[in-house]
Amino acid sequence: MADITRRLGWRHLRGAPTAHIRHHRDGRLLHDGPGLSFWFRALTAALSEVPVDDRELAMTFHARTSDFQDVAVQATVTYRISDPALAAARLDFSVDPDTGVWRGAPLEQLGTLLTETAQQHALDVLARTSLASALVDGVAAVRERVAAGLAAEPRLPATGIEVVAVRVVALRPEPEVERALRTPAREQIQQEADRATYERRAVAVERERAIAENELASQIELARREEQLVEQRGTNARREAEEHAAADAVRAEAEAARTVRLAEAEATRSVRLADAEAQRTERLAEAEATKAVRLARAEAEAAREVGEARAQAQAAWLRVHGEVDVATLHALTGTRLAENLPRIDSVTVSPDVLTGLLARLGGGETA
């Protein structure tokens, strides 16, 4: 679409390099070429914009094969407008001088022309081809026929159209037919997969058997080695027991010899201690005996001296008391008794006792 701007009643058009602009005024061609830029008046100008770049036209149409099966054809046609003047004369590429937008739909007209022409040639090919052949070789056949048909179509050069390339993307039958056609291939693929699975399982079983045999052989070898190990352990245990017994015998002999030596030393020490204790006891006994004799003598001497002193004192006492009268003796006796009586802090005299004492005192005096 051309870029048109407004300035005080004038219009300025700036075209793209891929757009061929034709400017007529009063029936005269003023500007003609791609990528133009010029001023014009809208009331007197007739503008046409023809694209000259390569364009892709995707088309999809249905056809029927020789065995009456419907197929869908997907194709793409690449074309360009090689003669813009001729195309502008045959198709309406005029644009609005105010907006630059096409007044008609020229590209849709070109698309319809190319689609119908290509469809006609594709139908001619597929109508004489079975579905199986069409699915196998139909793409190439349809592409070649459509390309040749478009190249030989007189309307395209007369309109200034040049076909650059033709591509047929796919030929597809109806979904039900396609599923039915896929079934044998799928079954064959499934059979191949099952066969591969069975073979893989057989290989796996064979490998498992080999592994089991290897494991069994390993277990047998392990059991044999364990038997050797047990035997060797028994031999080692016997040797160890013998060595321990020999070591214990040596240790016992050493311990017995040590015990004998200790016993002998202890006996000698005990004899020495007993002799020393006996000598000490004997010396202590002699000392005790000497001390006891001395103490006995001293005690006897002291007893004799005490006895003599007591005898002398008694004799003196007797002599003294023999010379004293009876009243004095009675007084001394009372004094001695008073000294030996216990201490009396207080005396309670009842009237009865006092009466008795008084009576006795009175009777004594009377008597």
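These legends describe close-up views of one predicted model. Residues are numbered from 1 along each chain as its sequence is written, and side-chain values use heavy atoms, without hydrogens or water. Because the model is predicted, local features need pLDDT of at least 70 and side-chain atom pairs count only at pLDDT 80 or more, whereas totals for chains, interfaces and linings use all residues.

**View 1. Confidence along the chain.**
The mean pLDDT of the chain is 84, where pLDDT is the predictor's confidence in each residue, from 0 to 100. A score of at least 70 is reached by 92% of the residues. Confidence is highest in strand β8 (residues 70–81), at 91, and lowest in helix α7 (residues 351–366), at a mean of 68. Helices (H or I, at least four residues) and strands (E, at least two) are DSSP runs, numbered from the N terminus.

Over residues 32–197 the chain is 47% helix and 31% strand. The C-alpha atoms at the ends of this segment are 73 Å apart.

**View 2. An open sheet of four strands.**
The strand order is β4-β3-β6-β9, and the pairing is antiparallel. Two strands pair if DSSP finds at least two bridges between them. Strands of a sheet pair through backbone hydrogen bonds, either parallel or antiparallel. The edge strands, β4 (28–34) and β9 (94–95), each pair on one side only. Strand β3 (residues 19–25) is joined to β6 by seven bridges, and Ala19 stands opposite Pro51 of β6. Between β6 (residues 45–51) and β9 there are two bridges. Here Ser48 faces Ser94, and Leu47 stands opposite Val95. Six of the seven residues of β6 are buried (under 20% relative accessible area, with a 1.4 Å probe and protein chains only), so this strand is largely enclosed by the rest of the structure.

Strands β1 (residues 3–7) and β2 (residues 10–14) run antiparallel and are joined by five bridges. Ile4 stands opposite Leu13 in β2. The hairpin has two residues between the strands, and Leu8 takes a positive phi near 50 degrees. β2 also pairs with strand β5 (residues 37–40), in the antiparallel sense, over four bridges. Within this pairing, Arg11 has Phe40 of β5 as its bridge partner.

**View 3. The largest nonpolar core.**
A nonpolar core is a set of buried Ala, Val, Leu, Ile, Met, Phe, Trp, Tyr and Cys residues joined through side-chain atoms within 4.5 Å. In soluble globular proteins, nonpolar side chains tend to be buried together. The largest core here has 33 residues, and Leu126 and Val142 touch the most other members. At least two residues each come from β7 (55–64), β8, α1 (84–90), α2 (106–126), α3 (131–152) and β10 (161–173). The largest share, seven residues, is supplied by α2. A second, separate core of nine residues includes Ile4, Leu13, Ile21 and Leu47.

**View 4. Around Leu126, Ala127 and Thr65.**
Contact means heavy atoms within 4.5 Å. Beyond its neighbours within four places in sequence, Leu126 is in contact with several residues, including Ala63, Val71, Val142 and Leu171. Ala127 lies in the loop between α2 and α3. Not counting residues up to four places away in sequence, Ala127 touches Arg64, Thr65 and Ser66. Ala127 and Phe68 are 59 residues apart in sequence, but their C-alpha atoms are 8.5 Å apart in space. Thr65 sits in the loop between β7 and β8 and is buried, at 4% relative accessibility. Leaving aside neighbours within four places in sequence, the contacts of Thr65 include Leu126, Ala127 and Ser130.

**View 5. An aromatic pair, Phe93 and Trp102.**
The whole structure holds two aromatic pairs. The ring centres of Phe93 and Trp102 are 6.1 Å apart and the planes meet at 70 degrees, so this pair is edge-to-face. Rings of Phe, Tyr and Trp (its six-membered ring) pair if their centres lie within 6.5 Å; planes under 30 degrees apart count as stacked, over 60 as edge-to-face and the rest as tilted. Phe93 is buried at 1% relative accessibility, whereas Trp102 is partly exposed at 27%.

How values were computed
Buried < 20%, exposed > 50% of the residue type's maximum accessible area, 1.4 Å probe, protein only.
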